[in-house]
Amino acid sequence: MNLRYTAGKAGSTRRLVRRLKLVLFLCTFSFLVNAQVITSPDKNLTMKFELKGNGVPTYQLTYKKKPVIKESKLGLELKDAASLAEGFTVAKTEQASVNNTWEPIVGEQKTIRNNYNELLVTLNQKEQKDRQILIRFRLFNDGLGFRYEFPEQKELNYFVIKEENTEFNLAGDHKIWWIPGDYDTNEYAYTTSKISEIPGLMKKATIDVHAQWPIKNTAVQTPSMMKSSDGIYINIHEAALINYPAMNLNVDPKTFKFSAHLTPDAMGNKGYVQTDFNTPWRTIVVSDDATDILESKLILNLNEPTKYKDVSWIKPVKYIGVWWEYFVANKSTWAYGKETNVKLTDDFTKLTPNGRHGATTENVKKHIDFAAKHGFDAVLVEGWNIGWEDWFGNWKEEVFDFVTPYPDFDVKGLQKYAADKGVKIMMHHETSASATNYERRLDDAFQFMKDNGYNSVKTGYVGKIIPRGEHHDSQWMVNHYIRVAEKAADYQIRVNSHEAVRPTGLHRTYPNWFAQESARGTEFEAMGGLAPEHATILPFTRLMGGPMDYTPGIFQTDLSYYNKDNNQRVNTTLVKQLAYYVTMYSPLQMAADMPENYERFPDAFQFIKDVAIDWDDTWVQEAEPGDYVTIARKAKGKNEWYVGGITDENARTATVRFDYLPKGKSYVATIYADASDASWNKNPQKYTIRKVLVNSKSVLKQPIAPGGGVAVSIKEGSKQDTKGLKKL
Ligand code: NOJ
Ligand code: CA
């Protein structure tokens, strides 16, 4: 544009004004194109996209006008190709709004609202022969999701990712609940600190976990939970992790800038892409009320609905197992033989029995009887199959075949015994992290399950991954877990994976992959213990991505009970273990203790028998990460409600409201409470159980012991049930 002003010519002033107007208009136009703003439906969140400097895509996010994410770069570095990080112009922007609902197959709510405003930006890289990428932003009332999209195009068919550049430039030195960045394990204990304190605490936080691979520079894992000094809660994670490595976050302790750190493969590469392709969503859940973080459905909303045609077989499962005795009682174990060097080709009937094998026909029958008597759906049996003699730590390829039982485990006999009692045996496929071996044998393993009446499997990935050099969280393994889920669906089998990559809401798309461990769970209570605050952090971190098989329900918390040399204890009261069934959402819940311990406390055990595992609705009543969580839920399709409240090492008074009950009607509430002199380390098994009448206006102020909890069941009562009961 020629802006030169030639003095003295007639009409020149008018022409100049006209030209200036045009320039102004074009500036505004290009400003509008290069910078786009969207707000959440409730207007609390505002997201601004802008191309900066040399065409670098950036975004920023505010909540109630306060900065949450300051200007942060977007883009990717490629291997042996120009980056997808700069040199962009905006080719097109499109906006859309969506407000609908959908119903999960199992879940915390019957109906989930999906309400967002969307901005889709198409970016052109002129100097790279017009390569094109898209960035799709979805702004919900509970936060932001965005992802990169790569349409199929001549100049961008295949590429290898060196690193994703996505930044999360936080607005302050927030409090953060974190575990070290790691390519292989998420079984760390949480550290609470300021962002600036992370480097100084990293060494201490990187406790020994089997097959760990801590990231060398300062990095943390997602879901990463933070709180600003002015009370804004921020949770960063990802949704729909498919065909892509899991994301850790590099931390800059001085500027509080986090940036994506993808898990590399055996070659050090961070993702192989063939267009068209979309990355997982990067998610930022935001609120000034911690209960909103736990109620957020953003991650689920960003996952695709399932493509499975028939989902009628996908049902929740409450189970017991031949399991905890391996950890505490020192009386039994997974392996059958005394020998420690075995091959799958060996004749296992020739091994010398170690006399401590847990998965014997007799022991399993005892568990089936108990499950049938108390209404459990299934009995998990670990250690039923050959190979456990040298499964641990040898980085061996052919560890298990998943179809050959030990000589003292009668597959057919037990199938009949369980079927006659209306109980299922839950399969266990420990892969010893040899994913290659598992994939080769998967069809045989699932066919074996089908032939023998099993319909759910607990998988496990303890150890260093094979293919060697891959990590639990790398692209190949991310795809492996999904392959297993899809194959299991072909056989109508439900999957509960342990030591797999942390969940990202994929249970919406693959609803038979209905629970995971992927964090430090109850097993660690017998391997050093969990801090009393641990379970108040998990809902804000690990459980943001999906249901957890936490394996609660330990009644015998002092482990010297089994063996006086074992000075470990489960760091909770008995009642806190009850509360977990409500605070730790999962459609798969285990009563993890041994039957004989439940028989010692039948009145408390009643809560575990009663509690629902699938819900019509959920109300998070009060919550603060690291301190306490109180949640009420309505059982799916029933007029029954359950409440769980937990605290950390500090005693507190939980406030339980009943305003979700239908108005004008009284219900019978059974309150399971810590005794006044109970605590996680003193009198953990002392509790009280009382019944009272409640209605929608009732409020319970319930003292909770240090490391304790409260559990409440609420049911309609007959005249007989309510006779003599006092109002709360
Ligand atoms: C670790 C799992 O988390 C645990 O539940 C299981 O018993 C062992 N691996 C053996 O597979
Ligand atoms: Ca584990």
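Biologist: Which loop holds P223?

Modeller: P223 sits in the loop between β14 (219-221) and β15 (224-227). Helices (H or I, at least four residues) and strands (E, at least two) are DSSP runs, numbered from the N terminus. This is a predicted model: local features need pLDDT of at least 70, side-chain atom pairs pLDDT 80 or more, while totals for chains, interfaces and linings use all residues. Residues are numbered from 1 along each chain as written, chains are lettered from A and ligands numbered from 1 in written order, and side-chain values use heavy atoms, without hydrogens or water.

Biologist: Is the T222 to P223 peptide bond cis or trans?

Modeller: Read omega. From T222 to P223 the bond is cis, with omega near -5 degrees. The bond from I466 to P467 is also cis, with omega near 20 degrees. P467 belongs to the loop between β25 (456-460) and α9 (475-490).

Biologist: What is the phi of D130?

Modeller: Positive, about 65 degrees, although D130 is not a glycine. D130 falls in the loop between β7 (112-125) and β8 (131-140).

Biologist: Which residues are closest to ligand 1?

Modeller: W323, E382, E430, K458 and H498 are the closest of the 14 residues that surround ligand 1. To count, a residue needs a heavy atom within 4 Å.

Biologist: Which polar side chains approach oxygen atoms of ligand 1?

Modeller: Look for N or O atom pairs within 3.5 Å. H498 has a polar side-chain atom 2.8 Å from an oxygen atom of ligand 1. For E517 the distance to a ligand 1 oxygen is 3.0 Å. For H428 it is 3.4 Å. Taken alone, ligand 1 exposes 300 Å², and the protein buries 95% of that (Shrake-Rupley areas, 1.4 Å probe).

Biologist: Which residues coordinate the calcium ion, ligand 2?

Modeller: E187, E499, E517 and E523 do, through OE atoms at 2.3 to 2.6 Å. Donors are N, O and S atoms within 2.8 Å of the metal (3.2 Å for Na, K and Ca); water is absent, so sites may look incomplete. Along the chain, the donor spacing is E-x311-E-x17-E-x5-E.

Biologist: Which residues does the catalytic domain annotation cover?

Modeller: UniProt's unreviewed entry gives "Glycosyl-hydrolase 97 catalytic" for residues 323-519. Such annotations may be inferred rather than shown by experiment; positions use the numbering here and names are shortened. The span is 31% helix and 12% strand, with its end C-alpha atoms 18 Å apart.

Biologist: What is the helix and strand content of residues 614-715?

Modeller: 0% helix and 60% strand. The end C-alpha atoms of residues 614-715 are 16 Å apart. The unreviewed UniProt entry labels residues 614-715 "Glycosyl-hydrolase 97 C-terminal oligomerisation".

Technical notes
Polar contact = N/O pair within 3.5 Å; in protein donor to acceptor, adjacent residues only side chain to side chain.
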